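Open the model in your viewer and keep the selection panel at hand. We will go stop by stop.

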Amino acid sequence: MPMKSHYSDAPKTQPPARHTLSVLVDNEPGVLARISGLFSGRGYNIESLTVSETEHEAHVSRITIVTTGTGPVIEQIKAQLDRLVPVHRVVDLTIQGEAIERELALVKVVGSGESRVEAMRLASAFGARTVDATLTSFVFEITGATEEIERFLRVMAVVGLVEVSRTGIAAMARGAEAL
């Protein structure tokens, strides 16, 4: 009988997973810097970050952060965010269930002749809206899931993509419960 290694009894590490966190904070100077500093100071990466005041009378903002980590790392991030004074609530939308996630992108395509016609055809197929047109370029606006935006960018790269501006992810849990 072969000897059993103690390493085989060691807990298996969880693979890193993408998580979308929604954070309600007081809208005051320095809050975003403190939150992003928490991530950078501990070596965590922010893949997407969006923030805007959502309750004007109460001066409350909603920050949506997309990050990647193992279960324990995400729990640590949430606990550290919760300890910050201006933070009211931290919710992991990924754990809550299927969240609705959307992103907006402005996409500039330059071309002439057949590539111009193809750019318009592809934009229409993806449901993108033309927000600017010149004799040599288009700027399209597309809203959708990140994967849809990525597919649109890949096909536009073939017909003359020159510039992209993206908002980052805005997310909300499904159902009647509010954050």
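Select Ala170. In this predicted model, Ala170 is partly exposed, with a relative accessible area of 44%. That value counts as partly exposed because it lies between the 20% limit for buried and the 50% limit for exposed. Ala170 sits in strand 9, residues 170–173. Now show what surrounds Ala170: leaving out residues up to four places away in sequence, it touches Thr50, Ile100, Glu101 and Arg102.

Next, select helix 2, residues 71–83. Its 13 residues should span 18 Å at 1.5 Å a residue, and the end C-alpha atoms lie 19 Å apart, which agrees. Colour Ile74, Ile77, Lys78, Gln80 and Leu81, the buried residues of helix 2. Look down the helix axis: these buried residues fall within an arc of 165°, so they line one face. Turn to the face pointing away from the buried side for the exposed residues Pro72 and Arg83. What covers the buried residues? The cover includes strand 1, helix 1, strand 3, strand 4 and helix 3 (93–96).

Move on to the largest nonpolar core, which has 16 residues. Val23, Ile35, Phe39 and Leu81 have the most contacts inside it. Strand 1, helix 1, strand 3, helix 2 and strand 4 each give two or more residues to this core. Helix 1 gives the largest share, four residues.

Zoom in on Ile35. Beyond its neighbours within four places in sequence, Ile35 contacts Val25, Ile63, Ile65, Leu81, Leu84 and Val87.

Last stop: a second, separate core of 15 residues, including Val107, Ala119, Ala128 and Ile142.

Methods
Residues are numbered from 1 along each chain as its sequence is written. This is a predicted model: local features need pLDDT of at least 70, side-chain atom pairs count only at pLDDT 80 or more; totals for chains, interfaces and linings use all residues. Side-chain values use heavy atoms; hydrogens and water are left out. A nonpolar core is a set of buried Ala, Val, Leu, Ile, Met, Phe, Trp, Tyr and Cys residues joined through side-chain atoms within 4.5 Å. Buried means under 20% relative accessible area, exposed over 50%, partly exposed in between (1.4 Å probe, protein chains only). Contact means heavy atoms within 4.5 Å. The expected span of a helix is 1.5 Å times one less than its number of residues. The arc is that of the directions from the helix axis to the C-beta atoms.
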